[in-house]
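Work through these exercises with the model open. Try each task before reading its solution.

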2 protein chains.
Amino acid sequence: MKFSSKIEKCGLSPIRKFHPYAVEAKKKGINIYHLNIGQPDVETPQEYFDAVKRFNDKTVEYAPSPGLPVMVEAVQEYYKKLNVNLESGDILITQGGSEALNFTINCVLDNDDEIIIPEPFYPNYNTLSRLAGATIRPIETTVEDGFKYTYKEKIESLINEHTRAMLITTPGNPTGVLLNHDEMKMLVDIAKEHDLFLIADEAYREFFYEGDSLSTFGEFIDEAPENLIIIDTVSKRFSACGARVGCIISKNRELIAHTLKCAQARLSVATLEQLASAELYNVGPEYFVKVRNEYKKRRDTLCSKLAEIPGVKFDVPKGAFYLVASLPIDDAEKFQQWLLEEFNDNGETVMFAPAGSMYQTPGRGINEVRMAYVLESEKIARAMDILKKAIEVYNNR
Amino acid sequence: MKFSSKIEKCGLSPIRKFHPYAVEAKKKGINIYHLNIGQPDVETPQEYFDAVKRFNDKTVEYAPSPGLPVMVEAVQEYYKKLNVNLESGDILITQGGSEALNFTINCVLDNDDEIIIPEPFYPNYNTLSRLAGATIRPIETTVEDGFKYTYKEKIESLINEHTRAMLITTPGNPTGVLLNHDEMKMLVDIAKEHDLFLIADEAYREFFYEGDSLSTFGEFIDEAPENLIIIDTVSKRFSACGARVGCIISKNRELIAHTLKCAQARLSVATLEQLASAELYNVGPEYFVKVRNEYKKRRDTLCSKLAEIPGVKFDVPKGAFYLVASLPIDDAEKFQQWLLEEFNDNGETVMFAPAGSMYQTPGRGINEVRMAYVLESEKIARAMDILKKAIEVYNNR
């Protein structure tokens, strides 16, 4: 049977592809430290569970395709506090940030179009772009330069007649790169000058460890109303990844009208999840401060332990909860499989996301991994001890 | 700004596009009988709500991309009772039947490919096919022939080098056409002979009003393991449309592997919704008998009332809960808008889904509507009285 050439070009997620090996390792009684997936261990705020318990409908009905009004209003209120004024028509509720990205890419990218994305990037960007028939044009970066990509001339040299959009993740997944106001402004200017969409994936907005206040492209939404598209989600913000509630935000009403076609084709977002997610927006600022401090502590533990391992290269991430490390090994995918199938230290091993498929440029990132510091500091410290030992054993096989 | 040519070709759902006008009508105090959308008024079984109340996790975590094991097992058990033996690897849990269709179409259809679908069809098939770059090749039918499409020679005459799949909805949405064993067998044979995928959308499987037992293409899954793909959902079966839980079923493991790439790109299906939906499968057969009898009664009311309206043509639907009627009016979209903006009978009006965009063949179905008989019989009777009066007023304006 013949399959679509577009799906043939897609791969399995490097974050999830080693899941079957992990299942096998666990069957053998091995304990795994999961630094492969951005699944925070932080408790979801009680507001979610209270809303769930209060749910009293007799029939679990479809919600309106653009989202339940209560959820739309929660997003509006949240942005108002960031001095970003949105009308309800600027917001479309989606099944997580993933669907927000999917709809946006489907509306914006055509066959043979190009989208500019700094590499390494979140690998699902590649699956979604390929399914739309488009290609990622990467902005190359290096670990030595802290994965910095905000070089105007370099970016403009990548723009051609096929370029339709730039996709920027800040705080960055997988690199933890955090843009400042001037960098954002520069990217907005490029988008305006070249008639490009600027898709800002801000799933990790609250997770910043430098500066006093969070930054968002929302600040520029009235300056570039036709260009800016913000991807948002409750997943990381409220440690509610399994709720699958996110949104698309744009002042470009033509874009929103197109995304509504996609939204209608999947009918609606789960009703109860929207009701409960709307309540999450009632948590106070102290929640974010607490969570931020916890992740900062974890980041610091990770970085100090990593610095002890000979041959490892990394940059201290300034936001999100990921770090890309270059390891002194031949191939991170082989190493990961070996970690799960052949290695353990006192019955324990560790899982990362190999970073090779987070690069578009062939040959880049082969010996790199993304680490998600979503475990308690003591567990991260132990995981790094295991890694140190594993690298030695692996290289002396 | 330039948008994708594929999204430009898509339209708004005829089922949901009049929603803004309905909102305005309601603001004026008008009561609307909603026959436009397949949102059953039947209560969701208590099992769903009990599971929701029991939910005791501290963190709402991602589920595995292919689905929670408990949900996969629930689907397996359900099919076992229908004598369809599935392994867990034959099932991928999705965000409703809509996502199951989306993934399947993305994996199976390429740019310039064709998919054969009887018309009138569920209009989202068109959005999903267009986004994949493909085109629907319709099997034409007529209301006079009861929308029958199972003519082997006619179907084979539509197959060419671009044809990749047939998509069959049984029981049919929007027509209520129900296939018998021989008709299914004939379609399976065509799929095998011509190396086509046969996508069977069986969202309405339990809703049949002829014969003693339900029918499913699952019966043929061992006979055509490479060709058959079944689309399933809890939405209509358990009146849980707002849960957004469905699945793809196939013995074609290469297909399932491709759909997993799509599944990983959206991470997971809502955790709590899967837990609660799995419990729905514990309802006994008496639940389906009761629901079926209720819908049969509604169908009978609808048909007897419709038969009283001069100039209306329809066929008695044998399954699902829809009926396509040809109305003695010029244009069903204009008529629907007029019904919402200018007409009311004692403060009440009625909403249908205009059927024009359920046809691929230009000019077909302009004066047809899809009616969903998802309201109590008395309400359906009243809605038909309103329709009768409205047609008279509309044609005498």
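**Exercise 1.** Is B:Glu206 buried or exposed?

Solution. First, note the ground rules: this is a predicted model, where local features need pLDDT of at least 70, side-chain atom pairs count only at pLDDT 80 or more, and totals for chains, interfaces and linings use all residues. Residues are numbered from 1 along each chain as its sequence is written, chains are lettered from A and ligands numbered from 1 in the order written, and side-chain values use heavy atoms, leaving out hydrogens and water.

Step 1. B:Glu206 has a relative accessible area of 3%, so this residue is buried (under 20% relative accessible area; exposed is over 50%, partly exposed in between; 1.4 Å probe, protein chains only).

Step 2. Locate B:Glu206: it sits in the loop between β6 (197-201) and β7 (228-233) of chain B. Strands (E, at least two residues) and helices (H or I, at least four) are DSSP runs, numbered from the N terminus.

Step 3. List the neighbours. Beyond four places in sequence, B:Glu206 touches B:Tyr78, B:Leu214, B:Arg237, B:Phe288 and B:Arg292 (contact: heavy atoms within 4.5 Å).

**Exercise 2.** Which residues does A:Cys107 contact, leaving aside neighbours within four places in sequence?

Solution. Step 1. Find A:Cys107 in helix α5 (residues 96-108) of chain A. Its relative accessibility is 0%, so A:Cys107 counts as buried.

Step 1. Read off the contacts in chain A: A:Leu255, A:His258, A:Thr259 and A:Cys262.

**Exercise 3.** Describe how the two copies are related.

Solution. Step 1. Superpose by least squares on the C-alpha atoms of residues with pLDDT of at least 70 in both copies.

Step 1. In chain A, A:Lys53 has the C-alpha nearest the axis, at 2.7 Å.

Step 2. Check the interface. 100% of the interface residues of chain A are also interface residues in chain B, so the copies meet through the same surface.

**Exercise 4.** What is the strand order of the open sheet in chain A?

Solution. Step 1. The 7 strands run β2-β8-β7-β6-β5-β3-β4, with mixed pairing (two strands pair if DSSP finds at least two bridges between them).

Step 1. Look at the edges. β2 (91-94) and β4 (135-139) of chain A each have a single partner strand, so one side of each lacks a neighbour in the sheet.
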